[in-house]
Amino acid sequence: RCQEEEEGASDTAVASVLVALSELHSAQAHYEGAVDCLLRAWEIKEVELGPGHVQIGKLFSAMGSIKQKHLRQKVDALADVQATLQSAVRIKTQIDDKTEGIQLAGTQHERGVMQLKRDIGHMKEKRGEYQREVRLCKADVLDYLNRARQIALASHADTHPETVRLAGLVSTLAERFAVEEKEAIEVAQASFPGGATELTAGQSLLEKEWGLDNNARLGQMDQLISCLRA
């Protein structure tokens, strides 16, 4: 967490320093630290300006942008683990095919196979962790950007460029995330029939078609965010 408590510094100055630190963290791809700084700046500015001030909206918009970068980072990490896992499973299948019917008990080969099985198990656990982190990042992206949209809508007309931009961005991301999660559920159910309970619990919204109406999607945003965090 950002260490912002400096003796004699005003809240406004502290908030400015936190925003600058956030930019530094983001430039270094330390996205969690960047968001932590903005969250602290938001706490300070909300007391000073009130929850609906346009500057608060800008902070939420910045948080959403940073979490999008964080999401891409997590997606790339998940893809790397998935590729390594697929390679290990393919090697294990080839070994099983070549050694079918051969007794290998106690041999170095058997010990190698057992280690490969353990590695596959660990990679599956890591894949599950990254999948969970990706879903939480998606929820944060929508949460922060939707808060920014709501503040823009309250501060400006619904035809204001910033309101229109944020509404379009949130709606597009929400539709994409909903489709991705539905596809993930279908893959899990196909791979483990009856065993995807944990993944699908509380996600009834994702069983529905979202259609193309922006207002309908925006009206269900809290439900989708809850589904992603379930």
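A crossing is left-handed if the near helix is turned anticlockwise from the far one by less than a right angle, and right-handed if clockwise. Helices (H or I, at least four residues) and strands (E, at least two) are DSSP runs, numbered from the N terminus. The model is predicted: local features need pLDDT of at least 70, side-chain atom pairs count only at pLDDT 80 or more, and totals for chains, interfaces and linings use all residues. Residues are numbered from 1 along each chain as its sequence is written, and side-chain values use heavy atoms, with hydrogens and water left out.

**View 1**
Along the sequence the pattern reads α-α-α-α-α-α-α-α. Of the 230 residues, 35% are buried (under 20% relative accessible area; exposed is over 50%, partly exposed in between; 1.4 Å probe, protein chains only). The protein exposes about 13400 Å², by the Shrake-Rupley method with a 1.4 Å probe. Carbon and sulfur atoms supply 52% of that area. Contact means heavy atoms within 4.5 Å. Among contacts between residues at least 6 apart in sequence, 72% join residues at least 24 apart.

**View 2. Helix α1 against helix α2.**
Helix α1 spans residues 11-27. The axes of α1 and α2 come within 8 Å and cross at roughly 160 degrees. Axes are lines fitted to C-alpha atoms, for helices over the stretch in contact, and angles run from 0 to 180 degrees between N-to-C directions. The two helices, α1 and α2, are therefore roughly antiparallel (over 145 degrees; under 35 is roughly parallel, 65 to 115 roughly perpendicular, the rest oblique). The crossing of α1 past α2 is left-handed. From α1, the contact includes Val14, Leu18 and Leu21. From α2, it includes Cys37, Leu38 and Ile44.

**View 3. Ala29, in the loop between α1 and α2.**
Ala29 is not a glycine, yet its phi is positive, about 65 degrees. Its relative accessibility is 31%, so Ala29 counts as partly exposed.

**View 4. Helix α2 against helix α3.**
The axes of α2 and α3 lie 10 Å apart, at an angle of about 170 degrees. These helices, α2 and α3, are therefore roughly antiparallel. The crossing of α2 past α3 is left-handed. Residues of α2 in the contact include Val35, Leu39 and Trp42. Among their counterparts in α3 are Leu59, Phe60 and Met63.

**View 5. Gln68 in helix α3.**
Helix α3 covers residues 54-98. Gln68 has 18% relative accessibility and so counts as buried. Beyond residues up to four places away in sequence, Gln68 touches Val141, Leu145, Leu169 and Leu173.

**View 6. Ala148 in helix α4.**
Helix α4 covers residues 108-155. Ala148 is buried, at 2% relative accessible area. Setting aside residues up to four places away in sequence, Ala148 touches Gly57, Phe60, Ser61 and Leu166. Thr163 is 15 residues from Ala148 along the chain, and their C-alpha atoms are separated by 8.8 Å.

**View 7. Confidence along the chain.**
pLDDT is the predictor's confidence in each residue, from 0 to 100. The protein's mean is 84, and 80% of its residues reach 70 or more. Confidence is highest in helix α2 (residues 31-49), at a mean of 96, and lowest in helix α6 (residues 197-200), at 48. Residues 197-204 have pLDDT below 50, and this stretch makes 11 contacts beyond near neighbours in sequence. Residues 206-212 are also below 50, with 19 such contacts in the model. Where pLDDT is low, the predicted coordinates should not be read in detail.
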